Structures are given as structure tokens and as C-alpha cells.
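Hi,

Here is the structure I promised to pass on. Have a look at it first, and then read my notes below.

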Amino acid sequence: MSETFLRAVRRSISFRAKDALGIPIRPLKLRMAITNRCNARCKMCNAWKAEDRSRDEMKLEEYDRLLVNSRVFLSALRHVSITGGEPALRKDFLEIIRLVHRHHPGVSFNVNTNGFLTARLVEAAQAMISERIPATFNVSLDALGEVHDGMRGVPGAARMAMRTLEELESLKGASKDLRIGVNYLIAEENCHECDLVYRYCEEHGFSFNPILPVRGELYDNEEMRFEISREKSGRVATLFEGYIPKNKDKAMAYSEIVRQLRGKPRDFRCWAGQVMLLIEENGDVFPNGGCPREWVFGNLKDYDYRLRDLLQSRQARLVRKQVKRCRACQLSCETLTTLKYPEALAARRKTKALAI
């Protein structure tokens, strides 16, 4: 019996036993949406139309209070994803990262950005390199030209994103702690550019991260519907199947995207709200970014920034019951966190199937 199999068994049993016994599970990943402001006009997201909530944004001292008051509960934390809106619109976004790093020096980060604010992003990357803060900068790039501009609603969006990517690339040799990725959103308009973006990533050594449009409170787009024709989704699914042999480290991500493109339901339980959480800029806490507005656990300010206390509230327990039954989420980053840990046996089964 292999050590990989035994590790998968141990992980799966441990998480399920804690869940069955009502023992709070310490989160492994946080998504921190530090602002709802955005300088893009994306077709698949209404965040830019939403009321400016910058007056309600948590301040540095509030993040510090959260990290102090939740120190033990967050002791298993491995990864923090900085997102928005556009996180670089907060002038103190680097200070927020530094603060988390100071409290949790073993945590890795990723910054999700549209790449418009090149100078600010590159300056942040340089500082993180010098301070040995491991991070991935994921820049949205849905096509290599005007198609991306149209999807993001800003002329020159592709040019700005590619400039940011290439300036970040120039820093890569300075540190192993800096990684660069491309978030490619799959939509009807850009399916024909999928392979072009993938090859651009291969050429530059960027991680290629395909994402399906997600409806949820974070994107203020719950009323939207996203349709990709069967012909185009099938063509993209076939491309991803071809990428699997070349990218063993991304095989699981591509495989799950293929399932969704082919209309297959998720075949394992989601653990959002337990192994991962979303903290919005005003202190609201959700299981993840693809949840409806009514699935809010509560607000940190009402619990003295004690995350564990918030998650033990009656509202939080009710929401978690709904999450366990949900099979709608298409957030690949949440899927992979779930498969790596509480659903490790499911991950092993899927990986074995890929190898065949």
C-alpha cells in the first residue's frame, strides 16, 4: 500500500471525523477581497456597477485585530488569496500582505489582478521579493488583443495586462518566491483564443489557469446567465484534455474544467466554509466567492474579529448545511483545495483515472 494512498486515507478520515463530531475545522485557505472597487468594466461581473463601499473597507488595524484574535484558529493556514474588485486600487494592499505575513510567515499568497496598474503591481512584487514573501501574481488575460478588451470593457486592457505580465517576468530571475500566472476566463467570445493564450503562457513560463464564469455575491452578478455553445465548449474541453499530458501538475485542474464544460455535475462534496473562507472588504464572511448573498456567515465586527466565534453562530451552521448539499460551484481554486485535503481519496481516484 503506497504512502500516497495512506496519506489520502488519513486526510479524508480526519476531516470527515471532525465534521461529524462538530469539531471546528481550522481553515487552510483565505480569500481576502480587500476592496469592491474596480477599474475594469467586465461583462461577466457587476462589481464595477456596485455602490462604492470604500468607506466600509476594513482598515489595517482591523486586519491586525482579526489576525491577533484568531491566531490559534488560523494556525493551520497555508494560503491567502488577495482579490477584489481590483486589489491594487487599495494603496495599502502591500501593507495588508505584509501584515498577514508577519502573523503567518509560512503562508503563501496570490494576488488576482486585471493588470492595469502595472507600476504599483511591479513595485509590490519587488518589495515581496526583497522581503522573501512567496507569492503568485495572477493576471487576467482572456485573449491576446481586442477580444480581451471587449470582455473587460476597457480599450487597451490586453496591452496593459501583457505589459504587467512581461514586467513581472523580468523580475522572476531574482527570486524563486515569485510566480506568475494567467487567469483565462472561458466564455463564448474567446473560446477560439484559448490555445493562443495557452501557448503564450508556455512561451513565457506563466501558469495557465482556466476559469469558468462564476455567479455569486462577490461578483454582484447572481441574476446573470453564462452560456457557451455545446460546439465551443466541446472544442475547449478537447484542448484541455490535450494539455493534461504536458502539465502533470495541472492535470487535476484541467480534468475538472473538462467535466464542467461537458456538463457533468461535481462528484464530490464542497468544503467551502470549513477549509476555505472568503472575507469581504467590509468584514462579511462567506464560504467562497460563488455563494449567493443570503449565504453570509456574519460580519467580523459583530464578533470582535474572532473568526471561530462567528463560524459557531446559528447562521453559520445553517449556511454550512446548505453548502454541503451544493454542487453548483465552478470555482476551480476551491475545488483543488477540497480535493487536496478533505476529499483526498476522491483526488487519488481522479488522478489514477487520468494516468490510465
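One term before we start: contact, or touching, means heavy atoms within 4.5 Å. Keep in mind that this is a predicted model, where local features need pLDDT of at least 70, side-chain atom pairs count only at pLDDT 80 or more, and totals for chains, interfaces and linings use all residues. Residues are numbered from 1 along each chain as its sequence is written, and side-chain values use heavy atoms, with hydrogens and water left out.

Leaving out residues up to four places away in sequence, Phe 240 touches Ile 186, Cys 194, Phe 208, Pro 210, Tyr 254, Ile 257, Val 258 and Leu 261. Phe 240 and Phe 208 have the most contacts inside the largest nonpolar core, which has 107 residues. (Such a core is a set of buried Ala, Val, Leu, Ile, Met, Phe, Trp, Tyr and Cys residues joined through side-chain atoms within 4.5 Å; buried means under 20% relative accessible area, exposed over 50%, partly exposed in between, with a 1.4 Å probe and protein chains only.)

Now the backbone. Most residues other than glycine have a negative phi, and most peptide bonds are trans. Yet the bond from Gly 84 to Gly 85 is cis, with omega near 25°. Gly 85 sits in the loop between strand S2 (79–83) and helix H3 (93–103). (Helices, H or I with at least four residues, and strands, E with at least two, are DSSP runs numbered from the N terminus.)

Arg 132 is not a glycine, but has a positive phi of about 55°. You'll find Arg 132 in the loop between helix H4 (118–130) and strand S4 (135–140).

Cheers
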